[in-house]
Amino acid sequence: MAKSEGDYSGLGGIGRLAAHLGTFIVISSVAGLLLAGLVLPATATAGLAAKSASDHFEDLPDDFQTPTLPQRSSIYAADGSLIATTWDDDLHGNRVVVPWNDISTTMPEAIVSIEDQRFYQHGGIDLKGTLRALVNDSSGGSLQGGSSIAQQYVKNVLEVEAGSNASAQQAAIADTLSRKITELKYAIAVEQQMSKQELLDRYLNIVYFGNDAYGVEAAAERYFSTSAAKLTVPQAAMLAAIVNSPTLYDPFQHPQEALTRRNIVIADMALPTLHYLTAKQAAAYEKTPLDLKPTVPQNGCITAQGSAAFFCNYVYETFISDASYGATTAAREAMWNEGGLSITTTMVPKNETSADAAISARVYATDKVASALVEVTPGTGAIVSMAQSKPMGSGNGETYINLSSDPEHNGTTGFQAGSSFKIFVGLAALEEGISPSMNIDALHKIDDSSVQFAACPSGVNTTVPWQEPGATVYAPTNDDSTNGPVDMIYGFAQSVNTYFLRLEEKTGLCQPATIAASMGVTQDNDSGNGKALLQIPSFTLGTNNITPIAMAEAYATLASGGTYCKPYVLTGVTDSSGKQYPAQTKQCAQVLDTNTVNELTYLLQQVVKWGTASGAVPLDGREVAGKTGTTDSGVATWFDGYTPQLAAAVWTGFENWNTTTSMSDMQIGPKYFSGQVYGASISAPIFNQAMTAALQGVAEEDFTAPTGFDNSGDSQNQGTSTSTTGGTTGTTTTGGTTGTTTTTGGTTGNGNSNGFFGGIF
């Protein structure tokens, strides 16, 4: 929509009079066709030009349809606080439509005084006012336009209807007889269809007030940081002054010109024919300064506080992909761009703020590595926070990529999950009746080349070899000194690689992959709708690429006792007419036996109590369960965990990596890390700080103890490894077949140095 500036053309007095006189004669003659719309009698037609104009006039429809005005949309957190406002700049949507009762009475008075003093006396066209304006304009002294408010309203409506179509925009403001005649008839129709109050209301909500402020509410905010309802006389007069020429009377760029015209508005308000003000009041108001208190428009998710920008963008991408808001993508985009939407979400500000603070305290935006955290409510799927170390933008240390989400939500293809993936083999083993106390010979280094793993890729039962023919020998090791029989309790607590590889030989690959998929874990997708997980021997070591959202929902499944829920963020959508659209609803299913999950929770509690995350996740003494994860060379580190009320996944690592990438001997945030960086070294402390703050004031709950499982093994004395504090243990295993993986942001690289068979901790 073109911005109607109303600036003068610069013609001399006689030139201006000649240019407008023909138009006036034609308008006068055409006006005679609809005497009901006029107060003054019509004149006779004037030549062929008038005849042509009259024919065009007759061809126009009698009714005038007012379009829905583009305006702002507001995105709200779960508590009703504002996350961000968005609008389409191409449609000039920085507008908030307000009803008549929410506009100060002085505002329409000011507009009438300067733009159409005979507004209440004439119909759609004021021929007397037009003639006066032509005469004044010809001498260079016009301060009041010749168009009636009805004509100006029609012109603005035609600009709105033009949308972002450049040629239509130009046609809507073109200085042609045809366009003027169109406005003429529509102005008459408008006056017949609407009351004077309704017309003023619509005019004040559509007209441009300069500086990207459309409508009186946006203008009141832009110039005075107030609302239309609270406008004072001087403020209303200044806004009315701008309308004639938003460029010439821009108070930011031309304050003296704006002040002079504002005072003309005030003086006109005191005219005897209007008498909105007394002469004494007007004199006092004219002495006041402009007293601007501007508010800079905040458009788009990028203006949201911190990482909430990415949550906001996730909301947008979700909206655009949901058929509840339109049959096609184009229809949904049009609905979003037209604006006027009130969108409520699942975000909890306390959680979002604490997540942001926890990350920013440990990982800086300009670091070589990045971090992302997602929190979800167990048993619902609701994402309550989404944070990352790199803010939204294109500057140094900034990105537009959502590091928590999948490509459908402007995210990545995910990151290798490390030992956080061991839960799926553990669940499969428990389901098959393998006792947590059963020992497995977890040698420090293993090469089980003769083993074939039961698998079911694409639903077809088959086997997968320990090592592909011709590949480099695959002989993974444990990072600690574990070199003998250990049980599942110790295996989880100390994240013993060779234990889980040999446990996986017993369970096969099919069941763990099936369990993971039931918990929403697939490749390159947040909601379990992505590509099937690769069923390869290193499956349990987490070599599949997974998003933090997917891992958070998987661990939330454990927190809820085996109920998986798809992630969601939209809880309500209402348009400008008050129509409510369907919210996203919980999509949950019981996918695991609750008692089996309770047993796994018991095992994961040991990780925090005396295992790899010992001392890293105190969580103010609450019961907490979780699992560390670190890939080869620390390319990706994780801590995924939960309490009964909240689950979270934290990833810290390289956005893009290659065979030489290593997270070791480096500065991350305020701390220098000597040697390898592990999940318990950095991701677990981030988890602890974020979750502790998020759960502050929330009553503590305990996990439900499992029944029927043998947890009597003396696990802490098994093997040769000892527990550590703060997660200083890790893994340094060697890999086999070199593969390629899709890296963050859609680029393709070499994955880690060991491909799909890398050692994971």
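Me: Which residues in α13 meet which residues in α14?
Reply: This is a predicted model, where local features need pLDDT of at least 70, side-chain atom pairs count only at pLDDT 80 or more, and totals for chains, interfaces and linings use all residues. Residues are numbered from 1 along each chain as its sequence is written, and side-chain values use heavy atoms, with hydrogens and water left out. Contact means heavy atoms within 4.5 Å, and helices (H or I, at least four residues) and strands (E, at least two) are DSSP runs, numbered from the N terminus. On the α13 side are Tyr316, Phe319, Ile320 and Ser321, and they meet Thr329, Arg332, Glu333, Met335 and Trp336 in α14.

Me: How do the residues of this contact divide into nonpolar, polar and charged?
Reply: Ala, Val, Leu, Ile, Met, Phe, Trp, Tyr, Cys and Pro count as nonpolar. Asp, Glu, Lys and Arg count as charged, and the others, Gly among them, as polar. The contact of α13 with α14 divides into 5 nonpolar, 2 polar and 2 charged.

Me: What word describes how α13 and α14 lie to each other?
Reply: Helix α13 spans residues 308-321 and helix α14 residues 329-338; their axes are 8 Å apart, at an angle of about 135 degrees. Axes are lines fitted to C-alpha atoms, for helices over the stretch in contact, and angles run from 0 to 180 degrees between N-to-C directions. Angles under 35 degrees count as roughly parallel, over 145 as roughly antiparallel, 65 to 115 as roughly perpendicular and the rest as oblique. The two helices are therefore oblique.

Me: Which side chain of opposite charge is nearest to glutamate 317?
Reply: Glutamate 317 lies in helix α13 and is buried (under 20% relative accessible area; exposed is over 50%, partly exposed in between, with a 1.4 Å probe and protein chains only). Lys and Arg count as positive and Asp and Glu as negative; His and the chain ends are not counted. Glutamate 317 has no salt bridge, that is, a side-chain nitrogen of Lys or Arg within 4 Å of a carboxyl oxygen of Asp or Glu.

Me: What does glutamate 317 contact, leaving aside its neighbours within four places in sequence?
Reply: Glutamate 317 belongs to α13. With those neighbours set aside, its contacts are Glu408, His409 and Asn410.

Me: How many residues apart in sequence are the parts tied together by arginine 72 and glutamate 221?
Reply: The structure holds 6 salt bridges. In one of them, the side chains of arginine 72 and glutamate 221 meet at 2.7 Å, N to O. Arginine 72 is in the loop between α2 (47-59) and β1 (73-76), and glutamate 221 is in helix α9 (residues 216-224), so the pair ties together parts whose separation is 149 residues.

Me: Where is arginine 502, the salt-bridge partner of aspartate 448?
Reply: The closest N and O atoms of aspartate 448 and arginine 502 are 3.0 Å apart. Aspartate 448 sits in the loop between β7 (440-442) and β8 (452-455), 54 residues from its partner. Arginine 502 is in helix α18 (residues 497-507).

Me: What is the relative accessible area of valine 384?
Reply: Valine 384 is in strand β5 (residues 383-388). Setting aside neighbours within four places, its contacts include Thr346, Met347, Val348 and Leu646. Valine 384 is buried, with a relative accessible area of 5%.

Me: What is the phi of aspartate 524, roughly?
Reply: Aspartate 524 lies in the loop between α19 (510-518) and β11 (545-546). It is buried, with a relative accessible area of 18%. Aspartate 524 is not a glycine, yet its phi is positive, at about 60 degrees.

Me: What share of the residues in the protein is buried?
Reply: The secondary structure comes to 22 helices and 22 strands. The protein has 761 residues, and the buried share is 58%.
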